[in-house]
Amino acid sequence: MAKNLVLIGFMGTGKSTVGIRLAQRMKREFIDMDRKIEEICGMSVAEIFKRYGEVRFRSEESLLAAKLGEKQDLIISTGGGAVLFAENVAALRKNGILICLDADPADIFSRVNRKKGSRPLLKKNMTVEDIDNLLKQREPYYALADIRISTSGKDLDRVVREIMEVIQSKNLLAV
Ligand code: S3P
């Protein structure tokens with residue numbers, strides 16, 4: 001058994017894409033928390049926010065974080081706000097290593113613009129500056145990560161390789 005690898009970080013930093021590839025490479029099960037919550041609730045994240053509000057989404061997120069924290073051997077990608085809550089950080093850290101993916105605000109801006117409407121916390125007419133401000137507000141939470149990797153200007157395989165190299169060189173997987 002080995003520790004979970006938990007991808008945290010701002011929206012549009014590549015957590016889901018990197019998680020899928022990392023899980024393939026490491027032959028582990030992959031859990032995307034947002035997709036799992038959608039499966040449990042039978043509707044999209046945007047719809048949960050619209051119909052029941054953010055509080056309901058956050059409570060589903062915390063329930064799931066608590067459950068996943070009991071498991072091992074998983075690759076988990078979190079939603080960008082999951083680590084804003086201390087109980088989630090504690091749960092995910094219990095059996096896991098927190099890996100924060102970072103990206104430049106301009107990259108985040110263009111990535112989230114491609115999937116307009118799926119991220120209820122971002123205004124329709126937001127600017128790179130809005131993203132930069134939100135990133136700064138959230139920095140203390142992302143700084144809780146054990147490892148940080150920038151995804152800007154790197155292809156997927158390079159990011160995955162860097163993650164695997166760091167966890168191996170620091171021998172972080174031992175439970
Ligand atoms: C959120 C990020 C989203 C999703 C929800 C809230 C956030 O996930 O969980 O819209 O608070 O940053 P992604 O980071 O996958 O976009």
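The legends below describe close-up views of a predicted model. Because the model is predicted, local features need pLDDT of at least 70 and side-chain atom pairs count only at pLDDT 80 or more, whereas totals for chains, interfaces and linings use all residues. Residues are numbered from 1 along each chain as its sequence is written, and side-chain values use heavy atoms, with hydrogens and water left out.

View 1. The ligand sits in the largest pocket, where a pocket is an open set of points on a 1 Å grid over the protein atoms alone, with protein on both sides within 12 Å along at least five of seven lines, and where sitting in it requires more than half of the molecule's atoms to lie within 2 Å of its grid points. Of the 13 residues around the ligand, those that come nearest are Lys15, Asp34, Arg58, Arg119 and Arg138 (a residue is near if one of its heavy atoms lies within 4 Å). The shell comprises five nonpolar, three polar and five charged residues, with Asp, Glu, Lys and Arg counted as charged, Ala, Val, Leu, Ile, Met, Phe, Trp, Tyr, Cys and Pro as nonpolar, and the others, Gly among them, as polar.

View 2. An N or O atom in the side chain of Arg119 is 2.5 Å from an oxygen atom of the ligand, and a polar side-chain atom of Arg138 lies 2.6 Å from a ligand oxygen atom. For the side chain of Asp34, the corresponding distance from an N or O atom to an oxygen atom of the ligand is 2.7 Å (a polar contact is a pair of N or O atoms within 3.5 Å). The protein covers 94% of the 390 Å² of accessible area that the ligand has on its own, areas being calculated by the Shrake-Rupley method with a 1.4 Å probe.

**View 3. Asn88 in helix H5.** Asn88 is placed in helix H5, residues 86-94, and counts as buried because its relative accessibility is 1% (buried means under 20%, exposed over 50%, and partly exposed in between). The side chain of Asn88 reaches the backbone oxygen of Ala82 at 2.9 Å.

**View 4. Two residues with positive phi.** Most residues other than glycine have a negative phi. Lys27, in the loop between helix H1 (15-26) and strand E2 (29-32), has a positive phi near 50° and is exposed, with a relative accessible area of 76%. Asp73, in the loop between helix H4 (54-68) and strand E3 (74-77), has a positive phi of about 70° and is partly exposed at 26%.

Terms used: Polar contact = N/O pair within 3.5 Å; in protein donor to acceptor, adjacent residues only side chain to side chain. 1 Å grid on protein atoms, 1.4 Å probe; cavity = no way out; pocket = protein on both sides within 12 Å on 5 of 7 lines; lining within 4 Å. Helix = DSSP H or I, 4+ residues; strand = E, 2+ residues; numbered from the N terminus. Buried < 20%, exposed > 50% of the residue type's maximum accessible area, 1.4 Å probe, protein only.
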